[in-house]
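Q: I have a structure open and would like to go through its inside. Can you start with the words I need?

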Amino acid sequence: MAPPPRTKAATIADVAARAGVSVPTVSRVLTGAAKVSTSKREAVEAAIAALDFRPSAAARVLASRKAQVIAVIAGDTSQYGYAETIRGIEEAARAEDYTVMITVVESTDEGEIDRAIAATLAQPLAGVCVLKFDPPGVAALHRIPASLPLVALSGVRESGLRQAVLDESRAAEELTDHLLDLGHATVHHVRVPPSRREDGRTTGWRRALKRRGAVIPALSDATWDPRSGIEIGRRLAEDPSVTAVFCGNDEIAMGVIRGIVASGRRVPDDISVAGFDDHPLSALWTPPLTTVDQDFAGLGRRGLQLLLNEIAGETGRRFSSERPQLVVRESTAPPPADAAVRRIV
């Protein structure tokens, strides 16, 4: 059976005809730009309800002369932290009657960034949120015109910008301290691709080891692909002195655990492994991951509020920071009893 024909959406002219008023009168009722008599307002509202009229975003902009679009520029929307941050932005924007458009910038190539920025600026923008989580995001951030309201969202503060951050360095320091407090002599670090030379997760790890007088092992670099952690896990498992590993995110930690287990060693009996971000699957993994809970959606909401302050011309608060919380689960434990002997040998 063929689907029923789609009915044509009602227009503002249809509302005006049904209510017996002019199109400008309907526009005034929609925007509240000027007073309308009670009888005319009620007639327009009844016509809107009867016709199920929904003014388009473009029509609202033209009627109110107020841009209603928030642009979000991000490097990779498939990652958990990115997606959750965008969700927070979108929910907060929708509550304030703004529409969110997303522009993905996949590399630091200047031509690609310029094309993405140009396409974004072609929209009636109220402001821009940039996810400064990776090099493409950083590169895009510094190509936004200064005349446009802007907020950056990241794990590391940058001066001169309205910015919402998650204090990753302090959280990473706390996580590293947790592993050292369990009795591990040091902690190895598997780094995810940084947005700059060194991100907060690596900085906090390094700072904790230095403060505690522990050896600072060489970094292991993963990609964003969780499978890149498997080979790193195999390699770390071959070193009998390795007893604790801190991974830059939970997905990489899952790959590292798989590599360790495939090499015949156990987690956490032989090697403790911790992640970062508290991915929804981290509590369901075997063993459940010790990690750091980052409120990415909250980051998005805080960033959107800072942007709205900028749009409104407020000169007050320009920075919002929140410290992620350590979540201790079963993937971390004290080192095996013979760990000290293995280090000496």
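A: A nonpolar core is a set of buried Ala, Val, Leu, Ile, Met, Phe, Trp, Tyr and Cys residues joined through side-chain atoms within 4.5 Å. Buried means under 20% relative accessible area, with a 1.4 Å probe and protein chains only. This is a predicted model: local features need pLDDT of at least 70, side-chain atom pairs count only at pLDDT 80 or more, and totals for chains, interfaces and linings use all residues. Residues are numbered from 1 along each chain as its sequence is written, and side-chain values use heavy atoms, with hydrogens and water left out.

Q: OK, which residues touch the most other members of the largest nonpolar core?

A: Ile70, Ile89, Cys129, Leu131, Leu153 and Leu304 do, in a core of 24 residues. At least two core residues come from each of strand 1 (69-74), helix 5 (80-95), strand 3 (125-131), strand 4 (150-154), strand 5 and helix 12 (296-311). Helices (H or I, at least four residues) and strands (E, at least two) are DSSP runs, numbered from the N terminus.

Q: What is Leu153 in contact with?

A: Leaving aside neighbours within four places in sequence, the contacts of Leu153 (heavy atoms within 4.5 Å) include Ile89, Cys129, Leu131, Ala164 and Leu299. Another core, of 19 residues, lies apart from the largest one and has Ile232, Leu236, Val242 and Cys247 among its members.

Q: Switching topic. Is helix 8 mostly covered or uncovered?

A: Mostly covered, as eleven of its 14 residues are buried. Among the buried ones are Glu168, Ala172, Leu175, His178 and Leu179. The cover includes strand 5 (163-166), helix 9 (200-211) and strand 8 (244-247).

Q: And what comes just after helix 8?

A: Gly183, with a positive phi of about 115°.

Q: How many cavities of 30 Å³ or more are there?

A: One. A cavity is a set of points, on a 1 Å grid over the protein atoms alone, where a 1.4 Å probe fits but cannot get out; lining residues have an atom within 4 Å of a point. The largest cavity holds about 320 Å³ of space, where a volume is the space filled by probe spheres set on the points, which are joined across faces, edges and corners.

Q: Which of its lining residues are closest to the centre?

A: Phe133, Glu168, Val192, Arg201 and Trp224, out of 26. Glu168 is also one of the buried residues of helix 8. Helix 5, strand 6 (188-191) and helix 9 each supply at least two lining residues.

Technical notes. Buried < 20%, exposed > 50% of the residue type's maximum accessible area, 1.4 Å probe, protein only. 1 Å grid on protein atoms, 1.4 Å probe; cavity = no way out; pocket = protein on both sides within 12 Å on 5 of 7 lines; lining within 4 Å.
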